[in-house]
Amino acid sequence: MTAYLLPLTTTDDEQDRNASVALLPVGSFEQHGSFLPLATDTVIACTIAREIAAVHPVMLLPPVTVSCSHEHAAWPGTVSISAVTLYAVVRDIAESLRRSGIAKLVLVNGHGGNYVLGNVVQEAGGDMALFPTEPDWEAARSGGGAGEPGRRRHARR
């Protein structure tokens, strides 16, 4: 995630790429057990976004780290914002990008609880997209041998 902290200017790489699409990684700040950092979902979203940006001429934005994690509120360290706030943040970012000449925004979501992102994309009239979608996550779980979320895989004897 430190790559996002590097100071860019309007004449740096982003302008040189002539981007008409921006990528916004959206993660969360929540518990993932004692073995993973609170920003795990943000790291995942940033990694996916960085890989997309490596092969497509897009503007890579810094991540939204705090999102809708109310379902994890009982665990220490979890920080959430409301769906209304996340919706407003994404819409404000999209509007700011439009004013600077970038009409399209792709939300790279790393957290399953950010359901509102589907709504903001739907209401954007084709100017936004969401990736990965639920079928993408299902394919990744299946490809990784993880099965359905919330279900444990049992070894056959």
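Predicted model: local features only at pLDDT ≥ 70, side-chain atom pairs only at ≥ 80, totals over all residues.
Gly125, with a positive phi near 65°, follows helix 4.

Helix 4 spans residues 116-123 and lies across strand 1 (21-26), strand 3 and strand 4, at about 150° to strand 4. Its buried residues are Val116, Leu117, Val120 and Val121. Viewed down the helix axis, these buried residues fall within an arc of 140°, so they line one face of helix 4. An α-helix has 3.6 residues a turn, so residues three or four places apart point the same way. The packing partners of the buried residues of helix 4 are strand 1, helix 3 (83-99), strand 3 and strand 4.

The strands belong to an open, four-stranded sheet with parallel pairing and the order 2-1-3-4. Strand 2 (59-60) and strand 4 (128-131) are at the edges, each pairing on one side only. Strand 4 pairs with strand 3 (residues 104-109) in the parallel sense, over four bridges. Within strand 4, Phe131 stands opposite Val108.

The largest nonpolar core has 19 residues, of which Leu24, Leu86, Val90, Leu105, Leu107 and Met128 touch the most other members. At least two residues of this core come from each of strand 1, helix 3, strand 3 and helix 4. With neighbours within four places in sequence left aside, the contacts of Leu24 are Leu61, Pro62, Val64, Val90, Ile93, Leu105, Val106, Leu107 and Val108. Another core, of six residues, lies apart from the largest one and includes Leu23, Ala49, Val58 and Val108.

Notes:
Residues numbered from 1 in each chain as written. Heavy atoms only, no water. Pairing = 2+ DSSP bridges. Contact = heavy atoms within 4.5 Å. Axes fitted to C-alpha atoms, helices over the stretch in contact; angles between N-to-C directions. Buried < 20%, exposed > 50% of the residue type's maximum accessible area, 1.4 Å probe, protein only. Arc of directions from axis to C-beta. Core = buried A, V, L, I, M, F, W, Y, C linked by side-chain atoms within 4.5 Å.
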